[in-house]
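The briefing below is meant to be read alongside the sequence and the coordinates. It begins with the overall make-up of the protein and then turns to individual elements.

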Amino acid sequence: MNLFYLHTVCYNVTMKTSKAYRFRFYPTAEQAQLLSRTFGCVRYVYNWALKAKTDAYYNEGKRLYYKDLSAKLTILKQQPGTVWLNEVSSVALQQELRHLERDKARVKVAKIHAKIADRRQDFLHKLTTRLIRENQVISLESLQVKNRIQNHHLAKSIADVGWGELVRQLEYKATWYERTVVKIDKFYPSSKRCYDCGHIVSKMPLHIRKWTCPECGETHDRDINAAQNILAAGLAVLACGEDVRPGR
Ligand SMILES: [Zn+2]
């Protein structure tokens, strides 16, 4: 599947649509009649082209593009039963064929977006169900700290779906399974604090994935150390309602 290509199509569609003009005008009775005839023809051509495309695809496995439809339209206009299509501007009819092509492209892109969203949602549901089933207590930060999951293979999926949605699912599933979800204040320095000795370093830039505590000499994996701190803080909250916001 060529996602990049499809996004490009979507982008072009937007570009073209944004160029449309809006204006108001007051037609004479004669103009009004011609307009309504034109709208009727345009609608007819749209439906006719849609049917032609659908038939070609299902009967012959063939895709019809603008130039194919345009050629078919020329023939259609010569048929005795549809010769009245010549009474209106051919530009309007051609334009409608282009619209049909664009609508198709738009639907295709929308379908792919929906599919991706479904897959992310499905992934998240499986993850939250597993987390809830396997753990009595889940401790997490109330707001996503980007670096927390940066190196993790789940990071991308969680980031796409949104941390808020992950938390929401954990919370309602916790009530089903009688589990406890504790949220830690976002100001708790879970990444900067050494889990072993409690020392808090002044800075912990995002790119640092492993670090050594200057106080006790222990070497930490950034994510694991932070997770241990968050769990400890969560358990402390449960044990005695301790305020985990440290003096900073
Ligand atoms: Zn330490």
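**Overview**

Of the 248 residues of the protein, 15% count as buried in this predicted model. The secondary structure comes to 7 helices and 4 strands, which follow one another along the sequence in the pattern α-α-α-α-β-α-α-β-β-β-α. Among contacts with a separation of 6 or more, 68% are between residues 24 or more positions apart.

**Nonpolar cores**

- The largest nonpolar core is made up of 12 residues, namely L124, I132, I138, L140, L166, L170, A174, I184, Y188, A226, I230 and A233.
- At least two residues of this core come from each of the elements α4 (90-134), β1 (137-141), α6 and α7 (222-240).

**Helix α6**

- Helix α6 spans residues 163-177, and its 15 residues reach 21 Å from the first C-alpha to the last, close to the 21 Å expected at 1.5 Å a residue.
- The buried residues of α6 are L166, L170 and A174; they cover an arc of only 70° around the axis, which puts them on the same side of the helix.
- On the face of α6 turned away from this buried side are the exposed residues G164, Y172, T175 and W176.
- Leaving aside residues up to four places away in sequence, A174 touches I132, R179, T180 and V181; A174 and I132 are also both listed in the largest nonpolar core.

**The loop after α6**

- Just after α6 comes E178, which is found in the loop between that helix and β2 (180-184).
- E178 has a positive phi of about 55° although it is not a glycine.
- Most residues other than glycine have a negative phi.
- E178 counts as exposed because it has 8 C-beta neighbours inside 10 Å, where 12 or fewer is the limit for an exposed residue.

**Strands β1 and β2**

- Because 4 of the 5 residues of β1 are buried, this strand is largely enclosed by the rest of the structure.
- β1 and β2 pair in the parallel sense, and 5 bridges connect them.
- Within this pairing, I138 stands opposite V181 in β2; V181 is also one of the residues that A174 touches, while I138 belongs to the largest nonpolar core.

**Helix α4**

- The 45 residues of α4 should span 66 Å at 1.5 Å a residue, and the end C-alpha atoms of this helix are 67 Å apart, which agrees with that expectation.
- The buried residues in α4 are L93, E96, L97, L100, L124, T128 and I132; of these, L124 and I132 are listed in the largest nonpolar core.
- E134 also lies in helix α4, but this residue counts as exposed because it has 9 C-beta neighbours inside 10 Å.
- From C-alpha to C-alpha, E134 and R179 are 9.8 Å apart in space, whereas they are 45 residues apart in sequence; R179 is also among the residues touched by A174.

How values were computed. Residues are numbered from 1 along each chain as its sequence is written. This is a predicted model: local features need pLDDT of at least 70, side-chain atom pairs count only at pLDDT 80 or more; totals for chains, interfaces and linings use all residues. The expected span of a helix is 1.5 Å times one less than its number of residues. A residue is buried if 20 or more other C-beta atoms lie within 10 Å of its own, exposed if 12 or fewer, and partly exposed in between; C-beta atoms are placed from the backbone. The arc is that of the directions from the helix axis to the C-beta atoms. Two residues are in contact if their C-beta atoms, placed from the backbone, lie within 7 Å. A nonpolar core is a set of buried Ala, Val, Leu, Ile, Met, Phe, Trp, Tyr and Cys residues joined through C-beta atoms within 7 Å. Two strands pair if DSSP finds at least two bridges between them.
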